[in-house]
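Below is my note on the model you sent. Please read the numbered points alongside the coordinates.

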Amino acid sequence: MSRPAPAVTGLRPVLVTGGAGFIGCNLADRLARDGHHVLVLDALARPGVERNLDWLRRTHPGRISTVIDDLRNGEAVAAAARKAQAVFHLAGQVAVTTSLDDPWSDFEVNAAGTLRLLEALRRHNPGAPLVFASTNKVYGDLADIGLELADDAYRPVDTALRGRGIGEDRRLDFHTPYGCSKGTADQYVLDHARSFGMNTAVLRMSCIYGPHQMGTEDQGWVAHFLIRALAGQPITLFGDGRQVRDILFVDDAVAAYIAAWRRIEAVRGQAFNLGGGPANAVSLRQLIRHIEMLTGRSVNVEFRDWRAGDQRYYVSDIGRARQALGLPEPLPWRDGLTRLADWLGRNPVDAIPSTPHPREQRAEAIS
């Protein structure tokens, strides 16, 4: 395990678990630019994230320290949490497919790892705010929502639901080991506010995209599509490609995390849906068409069978989050995709080859 850098020793850093990952490194960058010392706890398990960590260290010398370790290491977690002035908990096992291959490891990292972090704070640093990165997967496959097709995209038959999206009052319904482990962690975070008076809050994310995202078939699909298109490689769609998500540019997501910290006394014990909302709802096919227009290249699309647990439609109702956290209108998705394409033009990312899926019914993970 690496030791905290001298610049952070003796201070109260902001702890970002998973700080070398896509959202984590963007959040750590914002915190460092705001003048905070940032402690990154990351196992560096995801390919390519070392590049993000190197970028953080170069960009913010003296403000970034690191602990290269796993949420399953209680000593490392406790040491990192003990002095933190705030905690952003983004570390975790992120792919549904991986959870199906190894449910036990998925549980140990996502559920037990989160409880371990919460208990470390409760024992050693109970006043420190913690904001947790949850997922729309806590709502299950949403199969009870009546859908219709329009312009290569699923949409609710209920026009009111179509106009506002899925709200936080939607019943929880954990599907797949990943949904169970993240949902369990989600509920532990909320209950530590209720049972122990801790300053915790939850953001249930839809699809976040932007710079520093090493997208793959299993997670980070917007960046994955663009990276493969720029490399002239085919894109595999599971199902018919008419699945819809509300996509949110990472700067807007980071702003929500910062706002939750700043307003923790008002929002403690609450969960908020975080996404682009109905104005940023787009299907996979629609996004690929825009990528073709943006890059001036046609994209070869290959299809596979639907995967278990896939939500045909998920769009966040962001009204509650915007009101409680004081968030502005999210960046329109076409503008965000242009920004990501520009960043990739300056910072090429190798396309990760498509992998065979012997289990054709493996769960979808494009949340």
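1. The side chain of Asp317 reaches the backbone nitrogen of Gly319 at 3.0 Å, a polar contact (a pair of N or O atoms within 3.5 Å; within protein, one must be able to donate a hydrogen and the other to accept it, and residues adjacent in sequence count only if both atoms are side-chain atoms). Asp317 sits in the loop between β15 (313–314) and α12 (319–325); helices (H or I, at least four residues) and strands (E, at least two) are DSSP runs, numbered from the N terminus.

2. This is a predicted model, in which local features need pLDDT of at least 70 and side-chain atom pairs count only at pLDDT 80 or more, while totals for chains, interfaces and linings use all residues. Residues are numbered from 1 along each chain as its sequence is written, and side-chain values use heavy atoms, with hydrogens and water left out.

3. Asp317 is buried but has no salt bridge, and Arg164, the nearest side chain of opposite charge, is 4.6 Å away. Buried means under 20% relative accessible area (1.4 Å probe, protein chains only); a salt bridge needs a side-chain nitrogen of Lys or Arg within 4 Å of a carboxyl oxygen of Asp or Glu.

4. Beyond neighbours within four places in sequence, Asp317 is in contact with residues including Arg164, Glu168 and Asn273 (contact: heavy atoms within 4.5 Å).

5. Strand β5 (residues 130–135) has 6 of its 6 residues buried. Leu130, Phe132 and Ser134 point one way, and Val131, Ala133 and Thr135 the other.

6. β5 runs parallel to β4 (residues 86–89), with 3 bridges, and pairs in the parallel sense with β8 (residues 200–205) over 6 bridges; pairing requires at least two DSSP bridges. Phe132 is the bridge partner of His89, and Met205 that of Thr135.

Technical notes. Buried means under 20% relative accessible area, exposed over 50%, partly exposed in between (1.4 Å probe, protein chains only). Lys and Arg count as positive and Asp and Glu as negative; His and the chain ends are not counted.
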